[in-house]
Every structure is written in structure tokens, then in C-alpha cells.
Amino acid sequence: MSASPPERSTISFLTDYGLKDEFVGVVKSVIRSIAPDVRVIDISHDIEPHDIRAGGLALARAVQYMAPGVVLGVVDPGVATERKPIAIEVADWEAYLVGPDNGLFAPAVSLVGGATAAVILDNTNYHLSAPGPTFDGRDIFGPVAAHLCQGVPLVELGSPIDPSGLVPGILPVSQADDDGSIRAEVLWVDRFGNVQLNVDPKELESWGEFVQVEGGRSTRTAKRVTSFAEISTGSVGLVVDSYGLLAIAVDQGSAALELAIDEGSQVRIRAADGPTSAPSPVVIQSPVVGQSKPTTVAPSPEPSTG
Amino acid sequence: MSASPPERSTISFLTDYGLKDEFVGVVKSVIRSIAPDVRVIDISHDIEPHDIRAGGLALARAVQYMAPGVVLGVVDPGVATERKPIAIEVADWEAYLVGPDNGLFAPAVSLVGGATAAVILDNTNYHLSAPGPTFDGRDIFGPVAAHLCQGVPLVELGSPIDPSGLVPGILPVSQADDDGSIRAEVLWVDRFGNVQLNVDPKELESWGEFVQVEGGRSTRTAKRVTSFAEISTGSVGLVVDSYGLLAIAVDQGSAALELAIDEGSQVRIRAADGPTSAPSPVVIQSPVVGQSKPTTVAPSPEPSTG
Amino acid sequence: MSASPPERSTISFLTDYGLKDEFVGVVKSVIRSIAPDVRVIDISHDIEPHDIRAGGLALARAVQYMAPGVVLGVVDPGVATERKPIAIEVADWEAYLVGPDNGLFAPAVSLVGGATAAVILDNTNYHLSAPGPTFDGRDIFGPVAAHLCQGVPLVELGSPIDPSGLVPGILPVSQADDDGSIRAEVLWVDRFGNVQLNVDPKELESWGEFVQVEGGRSTRTAKRVTSFAEISTGSVGLVVDSYGLLAIAVDQGSAALELAIDEGSQVRIRAADGPTSAPSPVVIQSPVVGQSKPTTVAPSPEPSTG
């Protein structure tokens, strides 16, 4: 009973343009003029300006749900420099990715089988002529995405390059340390304050119900739960999030605020003995700005035996 | 000369997801993959996180203007708990409402004739399989809305439940008190600072041109006007707003800021003698934080004789 | 290989409604009900409330890229007053502009050949009946835009008026002063902090590589460059922006913050001798609020000889 959208009929669109300026609307207007039947789906336009990492991770989270067609991504601190405008073809998906060659697409591309072909967008027949050099979304990337949807072959759009030479993404890898703990990094803090870590839940399979989370200003004991509602008020929980990664959460509140951590923060997790040994914060550093010495409010627990 | 959109070809979409994360785009991508011809109209995605009341009131204000099809609403503090995912059929409108059973739809449903049927969305054939349990918009509600648009009958989607058992909305009712005043509540403060009250203008039909408004830090005399421009600078006006409810406004400024009130605030209105008796604020509490005693700057007016 | 969208099949939509309230979604719902095949492209809805100038400039920047059809613009501090709701036909473009007659469209209209016809929207057959008088986007402008797309002729929509009597826009003009300097105004500060001036780059054609920029709290020497990357860290550059106007920029930072200027600020530019004479700020006013006397930290340079 469900249907499939026609091939190359959808452009999934992510930028750091914001929604206050008319940038996004202008790119969509250009697409509409070239490829009137294409549907544009906004993935996000509120990526922090020039935050390639955040844009790349958002594309990676979204890519497996996108309709086939073109992914148009513009987070481009190097606009109008020597960085290359590119289009990428991938192995496992009927879609192309169009934007700057700066690593923005690397995480998503690796999730859909890797790049099988790429071109530098140097055929200006498929660009708009620009009064100035600073709006490649309007003048290059948008028009090229639209022309791809109209059936223009990839090789028409520019000079082929070896896809293995594309700028790689820098994705932090979690590390298992000798003491059994895992050094992780915060990949993402969502609107609700949930804290996604670069940790596969399988790494914790042999651990018990409780886990210690060191990060921000404190060490907290977190309960491994399957839903937010199992986290009691004021406590911290570890869930498998909607992307299959480990995430720190509190019930109806912001775990990021609670733990004072943000995207890119380092977090260490280790197996804990359980709620009787450490049900509450054990070491708290003062949140007062300018006071850097940790204030010990309880003795550190014995090293966990998992 | 005007046409009608085909049945079940529109999804009206409201969430508290925000527009920074890729949540909204992912749900739209899922819908596009299942029901490629459906048009999604964003009602709002900037409902405050978990604010069921605000989301429900926005849906109620919008519902009579929506195209027939499906209302997809996700403000869901209880995601992945025992609250039920539901789809509702209503009496007076060719549309279904899909989302959590937490009262979000109650105000809108009551405006379109009440619920005539409802199902719990427990037929997982119409869901996506989820790597984690926390994104029901992507995994349950979005796919179900899309399948409804593709013609799947309501009863296919899950187990029927008695619609009278749906979680009710909590809509504050204004109260006429013995002294002739009306105790009201602020339903909504819009972007422009206009303050919508839960008061039918008919309740004031026999009142004079001027009305006293007690709320926030002050009692103000407001003029009943038919347009913002009739409100002189620095004064407060009472208008019938674009939804037919009584609203407090100031000309080209924010009435909410002027009166220091917000959504959910209590306001009392009473008939006033007119501008000569009380043209200016009569009792002002200091806005200084920490100073709670009211500062009387003028004698209280005599009780109005309306 | 590119196609054209059908005539009158696109509505380009700009407002100051914001995206939190349901205003935009309701107008789109009304359009969908009247003209189901029309595509609405959001230009921006985050124009500052009542900022006709900013809305008008955004439309002017976008208009040459818009698909033909209808431009629906609502920035309307005078809603429900004597200002007229209008539709405008223009000379060089197959499109109509619909909204309030308050100067919002004037800059865009002048870019597409000027208005050739206009009507006051007083034929209520093409409006929605409104419960209150304050939402003309929903009740008048949205429905009229949709009916225009359905083929309703302009003259059907209301009484013709002389387009030369439309409210003009107020566009600041830069001035060449006797000392060879140019008095300019900041038209726009974009999300990235780039500062667009009302200056045609041709006015600087005979100038050298370096230009002095006086504005905000300081006088800076700016280098004329063709891309952001040519601006060294901490320096200021002058580029031709993507709309062909002169803009002040810093590399991967906000020129508006760096120079402490905003939309509407006055800026004076004059030819400079080059980097050896004035490579760094020469006069700095203290940014401390309340301290108004300029603090001279270096002697003023000799008047440039260009």
C-alpha cells in the first residue's frame, strides 16, 4: 500500500544558513526554476555556522531515512577558496551528495557504502552566473542538485576525481582503557538535552545495571534503562537512543545541563557496583566560575569489579 | 475557480522537536518514502519541549483552517512509557489525528465534532523497526500518518479503543465572579506580544468602553477597540482577536511585556467607569526582584459601577 | 534538460510571523485548500516584527531568483488600519506581489521593472470571513495569492488604483562627499556577520588596494579582496558580495561584531595609502557603555591621497 517516490525526485537539504536570512529560500527558488517537480526536504538549516562536524553527524543520523535523490549539504567555511565543490556517487544508495569537499559528507557516505565516484563541479554550464563569489549554495550547489534530479549524468557536471582523495571526516572513536573504563566523546546534545556518546551499547553488555559516568563537573552513577520513565527524578540514566548509540538522559530534563557537558566533551564511563555503593554523586566540582578545585562531598567508591 | 486537494493528501505537522536537530526532516523523509505524493504542512515545531497545553492550543487555533488529511502531532513527554500511541477519527472533518494519547489533541478534537473512533497503534506492520525506543515520530507516528494517506483503513492500524476513554485536555475556563468581574487565564502570548484570554467577547457585551485589567504587576484601564491603531501610545486595548477571543494588546508593542504576564497567568477583568476615573496605572508592584511588597503609587479607584 | 515550473504555480512567502506560532502553517493551510497544486517557498519568516525595511531588502535580494507566480509578503505593523491591502503587477516578470501597501514591496518591484497595475483587495468574495480583524495573512493575503494562482485575473480582486500612488520604499542612498569619502549605510548583516553596504563596487574602481572604514567604535583599514580567505586573521576585508554590493567581512568571523555595527549603522569609507601607513586601528572609542568620549590611541593618519 505504500509507494516509492520517483528516482531523483527528492533533495534532502542541510545547511548552516539559518532561517532568518533568505538564503534557504533563494536556493529553493533556484531549484524550483530548474527542476519544478522536485521536492525539497529540509533536514536542518540551524547547524552552527561553519560547524562541519555537527553538520556531518546530522547527515549521518538522517541518511538512512532519506528518500533517494540528492543530498544537498552546505556547511562551508571555505566558500570561495581552494576547497573543491563536488558531487559524490555512493555504493549502496540511489543518491548523490552535492556540496563542498571538506569532510561534511564523510560520515554519511561511509554509512551508505562509501563513495564510488566523484566529480569536481567545474562545468559552469550547470551553474548560475554570480554577481559575487560568496554564495555557492545558490550559484553552484543548488543548481547542480537540481540538474542531477533532471537527469544530468554525474560525469557531465565536472572533472572526475578519485573518491579516495576526498577530504575525510574526523569522527572520534571511543577507547577501552586498561582499567576497563571507556573514554567516550559527546557526539550530540539534542533539543531535549539528551547526550549521545560515540559508544556502541554492546561494549557494555557484560556490565551490571549501574554505570559510573565521569564528565563535566561530576561523577554520577547512571542506571541502564530502556525508557526515560525508568529514570527516577534527579537521577541519571543510560539508554540506547533512537540511533542505536549509548546516550545519557534524565527524565523530562536535560542531561547536558545536569552534567554540564556539551558536544565534544570528554566522558568516561565504567562499570559500577550498583545502587547501594554509589547511588548519588560522589565527587562534585563546584560549578562556581573561577573555583577550580574539586570539592569532595563523599569518599570515592572502590574501583568497580563490574 | 478554487479546487480541493485530494482526500488524505495533506499532513499537518506539529511538534516540539525544534528545527535545529534533524528530527523534523527525518520524519518528513520517512513520510516521503511511504507516501510520496503527500504534502506536509508545518504548523509549528517550536512548541516548548513537553508543553502539551501550548501544542494543544496551537492545534485548536489551526484546526479549522487545515486541509483534510492527517494531523500529525508529537509533543510527547511520555515517549516510550505506558502512554498510548493513537489515531483518532473525528465527526465533522475528513481527517485523522495521529500522535500520543496525552491530551494534545483534545482541544482540536472537540472543535471538529469530537472523536468517533480511535485505535491504539499496535500493528507494527505499519511502523519502522527502531534501533532504540525514543523516536516514535520517526518510527510510529510518521509512518502511520503516511500509511493513512495511502488509504490504509483506521482499523488496520491497531486495536480499537473507546474514544471516550482518551486522555482529556485541560482547558481553563473563565469564571464570572459575584462582583461582576471575570477571572480569566492567558491562553497564548503570540510573537507580537498580544495576550489571548479564555474569554468570549460576548461576556462583555453589556460593559462600557473601558475595562479594568488586573494582572501581572498592575491594574490597567483598557479601551475596547476594533483595531490596534485605535490604541493610543502607551495605553492598553482589548480587541477581539483573529480567533474570536478577547485579547489584550498595545499598539506596535508587546502587551505581555507591558503587563508582565505570560501564558498561564491569571488575569481579572472588570467593567470600568471610563477614562476619567482611571486613565493610568493605579497600583504598581515593584518589578525589582526580591522586593515583594506592592508599592501603591495612587489611591485605588472606587469599585466600578460598570 | 531543465524545465520550467507552470505559470502561477509558486508562492514565494515572506513574513515577520516567526515560526513558533502557527501563523505560517495556517496561511499555508488556507492556500492548500484553495490552490492544492501550488508550491509555497519560504523566503523568510524571521524578519524582525514590523521591520518593513528588512523585509523589503530581503525581498529585493531574493526576487531575481524567485520562480514566477506570486510573492506573498506580510510585514504589517498597520494591520487592520487604513493601510491598503494590495496586489501589484510588474513589468518584467510573470508574477504578482500581494500584501500590505506600506513600502514592503517597493525595493523588489523597482528591480523587476516597476509596477504596471495594482488593485486594492476589496472584493471580499476572495477573502475568508474572519472572526476578528487582526490576521490579514490568513483572511485576505493568503487567499488572494492562492486565487491568483488558480487563474483569477487581477482586476477581479478589487478596485484598480494608480500604481504610482503606492507607498514608496525608503532606500538609503550612499553619498560621495567633497573629500572623496563615501557615506554609506549598512543594509544588512547576515547570519555570518558579513556587513552589506549600499555601495556599488564601481564607486571604488579608481581606489587602491586598501580602504579606510569608519564606523561603530573605530576606524579600520580594510583590504579589497575577492574571497574571504584572502583576509588575514584579525584583519578586515572588503568584498563584492553575492548580490554585487560592497560588503565588509572578516575571515570565519563576524565583521558586524568586530566593528560593532548593525543594520542601519552609518559607515564612511575613504581611499587609504596602503598597509604601511595604517595597518591597524587608529582611533578607538571605548566600548564601555556610558563613556562617550573617543579615546585616541594613535595619531590620525594624514588624509589619504588615494
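Helix H2 of chain A gives the largest share of the lining of the largest pocket, four residues, where helices are DSSP runs of H or I with at least four residues, numbered from the N terminus. Both H2 (52-63) and H3 (106-111) of chain A supply at least two lining residues each. The model is predicted, so that local features need pLDDT of at least 70 and side-chain atom pairs count only at pLDDT 80 or more, whereas totals for chains, interfaces and linings use all residues. Residues are numbered from 1 along each chain as its sequence is written, chains are lettered from A and ligands numbered from 1 in the order in which they are written, and side-chain values use heavy atoms, without hydrogens and water.

The lining comprises 22 residues, with A:Ala60, A:Leu111, A:Leu187, A:Tyr243 and A:Leu245 nearest the pocket centre; a pocket is an open set of points on a 1 Å grid over the protein atoms alone, where a 1.4 Å probe fits, with protein on both sides within 12 Å along at least five of seven lines, and lining residues have an atom within 4 Å of a point. Because domain 1 (10-165) and domain 2 (175-272) of chain A both give residues to the lining, the largest pocket lies between them, the domain bounds coming from an automatic or database assignment.

Chain B contributes 41 residues and chain A 37 residues to their contact, defined by heavy atoms within 4.5 Å. Between them, these chains bury about 3200 Å², 56% of it on carbon and sulfur atoms, buried area being the accessible area (1.4 Å probe) lost on being put together, summed over both parts.

Definitions and conventions: Buried area = accessible area lost by both parts, 1.4 Å probe.
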